[in-house]
Amino acid sequence: VFLSWSAAMAMHMLGNSLQNDHVEALQQHEQESWDKKLAEKAKLDRLKDAGAAGRGDLAMHETWEVKKKDGEASLAEIKRKAKEETDAALDGEHKKRYRTLVYTSEDTHLNENTLRNYYCSICGSHSLVCDTDLFKLQQRNTDKSYAMPEATVMTKSYCVAGGKICLKRPKGIEVQYRMNCKDCSAIIGYRPVAKDRTSPYTYYFPDSLVAEQSEAVGMQKTVEAHAGQDLGVE
């Protein structure tokens, strides 16, 4: 009996010892597995952080630094070039220069021709402005008057109406609506129809107008009179 009890106790103690060893082995295995998992997680976290930082650096590098393939400009260069062109355009707008030109009747050009002034040959009154040389126009065979084409020549007349007259010509009766000087009433020219109607030509008598006011008879007499007064001659 004693031997049986001893054997039983020995077996019990052996079983407890084996059980404790198994438990310690399991605990050690679990701790190693946990440590391994923690190490792997830390490694993964480090890799993730490094990957995010690397992707950010690479994106920034590609956006602002690296040129594209085949020699194409980067986005940064395109933006910089566009900004430079915009600044240059704005700068050019601010640097535009303006100038104001003042013209008189002597240097104003219409149809590339200078405006010409003509004066009454008697009193020197301003009678006509046109953009052609009056004395180079075609003349009528009948009275040698200068034929001014109204449709193609720019004209401004300062004459006044002088009445209607009828002249007998070899081919019949000619009607003239006279134009007189507004100051001395000297006859300057005529039209074949009234002022409110269209006419192919306006006619100016030869020697009725002068290109220089000083050439008028009245102006020459005025100059001579002043010269005589300066010399003490009545």
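Reader: In β8, which residue is the bridge partner of K168?

Author: Strands (E, at least two residues) are DSSP runs numbered from the N terminus. Two strands pair if DSSP finds at least two bridges between them. Here, K168 has I173 in β8 as its bridge partner. This is a predicted model: local features need pLDDT of at least 70, side-chain atom pairs count only at pLDDT 80 or more, and totals for chains, interfaces and linings use all residues. Residues are numbered from 1 along each chain as its sequence is written, and side-chain values use heavy atoms, leaving out hydrogens and water.

Reader: How many bridges join β7 to β8?

Author: There are 8, and the two strands run antiparallel. A hairpin connects β7 to β8 through 2 residues. In a regular strand, side chains alternate between the two faces of the sheet.

Reader: Which strands each supply at least two residues of the lining of the largest pocket?

Author: First, the term. A pocket is an open set of points on a 1 Å grid over the protein atoms alone, where a 1.4 Å probe fits, with protein on both sides within 12 Å along at least five of seven lines; lining residues have an atom within 4 Å of a point. The strands are β6 (155-157), β7 (160-169), β8 (172-180) and β10 (201-204). The lining has 19 residues, with S157, M179, R191, K195 and T202 nearest the centre of the largest pocket.

Reader: How much space lies in the largest pocket?

Author: A volume is the space filled by probe spheres set on the points, which are joined across faces, edges and corners. The largest pocket holds about 410 Å³. The second largest pocket holds about 180 Å³.

Terms used: Helices (H or I, at least four residues) and strands (E, at least two) are DSSP runs, numbered from the N terminus.
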